[in-house]
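Okay, thanks everyone, let's get going.

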Amino acid sequence: MKMIIAAIKPYKLDEVRAALTAIGVRGMMVSEIKGFGTQSGHTEIYRGAEYAVNFVPKMRLEIVVADGLAETVVDTITQTARTGRIGDGKIFVMDVEKALRVRTGEIDDDAL
Amino acid sequence: MKKLMLSTAGLLGALPAMAQEVLAEAAPVMDKGDVSWMMISCVLVLFMTLPGLALFYGGLVRSKNMLSILMQTTIIACLMMVAWVVYGYSVTFGGSTSPLWGGTAKLFLAGVTADSMAATFSAGYVIPEYLFIVFQMTFAAITPALIIGAFAERVKFSAVLLFSLIWATFSYFPIAHMVWDANGYLFAKGAIDFAGGTVVHINAGIAALVGCLVIGKRVGHGRENMAPHSMVMTMIGASMLWVGWFGFNVGSNLEANGGATLAMINTFIATAAATLAWSALEGLQRGKASMLGAASGMVAGLVAITPACGTVGPMGAIVLGAIAALVCYVFVTVVKNKLKYDDSLDVFGIHGVGGIIGAVLTGVFSAGSLGGVKGDDYAMGAQMWIQIEGVLITIVWSGVVSFIAYKLVDMTIGLRVDTDTERQGLDLTSHGEQAYHG
């Protein structure tokens, strides 16, 4: 099993969810986060007082899938979340040791 | 908003001779339309303060200090209401012939009953004295609350209350007497301050400037992000100020008549022009017109038209509002940053500066040739000098009283919270509550 962690633009979330559901992903975890990468924030000005906002809002997705599906998931997120501009986000893939469904006790691929 | 207590005998002397005996005994007229409008005005001015001003200021601070602003505004307003009826009304409008104060004759509202009447601007027309007391009380309630924006996010709650009481007693009450009482020093000179440009806005603006200089900058000022936590609240509050300001400006006419409608149209038009001017300048200069800019322009326009609304014409109001907004804009975006003091919510930059512009331009746009109500015998230069004199007296008086009051409070209970408390925010440390959960 692989876990795919993706940070994407918040407004892309619904599109990405629909695309992932279409390729057979059956669940994901989503959180609102702030961070910076190449896109280093913006400036806000209030009556002449300038404030640098160094962390920009992003959505963080965590998706665990069977090994065979991982590349497709990565490709799908990449295609759906891409605008071509700075700030589109990052994707990380890592191995997952074990998975377990709390209700039934099923493990690994059966639990996904 | 002049104040002349009527005696029946004095009034009769002024009346033309009547053919019928019975009419010669006619008492001064209390018009129920006037009374109704003035009662509504009182409530509108309360609405300016609570929740208008509280939300306008509250939205501009960081979320950890939201409740401290709401509480300071609320408790100051209540404190001033009680102080006003106990002694404030007497020392302001107590009937003394002194140019500086109203005396002690009406402490605890001595002698005032539901049958006592107060003069209006029309001979022979009166309103109940209780109504006049309440209307003036709402002005006394909002004025010290305006000041707190200058030292927001860093003062002790008890210090704010003690300062407000001392400042109102020695600056607000005397200046209100000087400008609005028939025996007052500036009233006698002919200064035009229809609804309180000097008494309320310059007075509070100067106290605010002195306050942020004495108290010092917020911890992290200029380095940390101190952006307003809710422009939504600020917009709501500013709009409530605008609505309530009709009580403030139009109510200052004391009667529901043509003069009142002049104040009303001016309060609309000057504010609209000021909001447009601020937004236009910001849009041209930065490429983006901000909500805070529009709200700031709105308040600047309201402040500037306050002394002028009874005597200028609507076209003069447009120009006056626009000039005030442009000057305040330059002041809060450029001048303040150069001078490097921390007037957190720009009380001086908007109320002080806008008030001064309004007071001086009142002398200009009251002229009949510029659409104002003054006739051919109006001497613009002389009136402007009287206006400037009023401004200067207020600046010096409020400046000195404020400085002493801040120092007194600092020496007794201390003005400022410690650094850790300030970092944690005043909501939890002063009030034991949070504005927002989750």
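One definition before anything else: a residue is buried if 20 or more other C-beta atoms lie within 10 Å of its own, exposed if 12 or fewer, and partly exposed in between, with C-beta atoms placed from the backbone. This is a predicted model, where local features need pLDDT of at least 70 and side-chain atom pairs count only at pLDDT 80 or more, while totals for chains, interfaces and linings use all residues. Residues are numbered from 1 along each chain as its sequence is written, and chains are lettered from A, with ligands numbered from 1, in the order in which they are written.

So, chain B: 55% of its 438 residues are buried. Its radius of gyration, taken over C-alpha atoms, is 22 Å, which agrees with the value near 22 Å for a compact globule with 438 residues (the rule is 2.2 Å times the number of residues to the power 0.38). The C-alpha trace spans about 80 × 45 × 40 Å along the principal axes of chain B.

Over to chain A. There's an open sheet here, four antiparallel strands in the order 2-5-1-6; strands are DSSP E runs of at least two residues, numbered from the N terminus, and two of them pair if DSSP finds at least two bridges between them. Strand 2 (29–35) and strand 6 (89–95) of chain A are at the edges with a single partner each, so one side of each has no neighbour in the sheet. Strand 1 (residues 2–8) and strand 6 of chain A share seven bridges, antiparallel, and Ala7(A) sits opposite Lys90(A) of strand 6.
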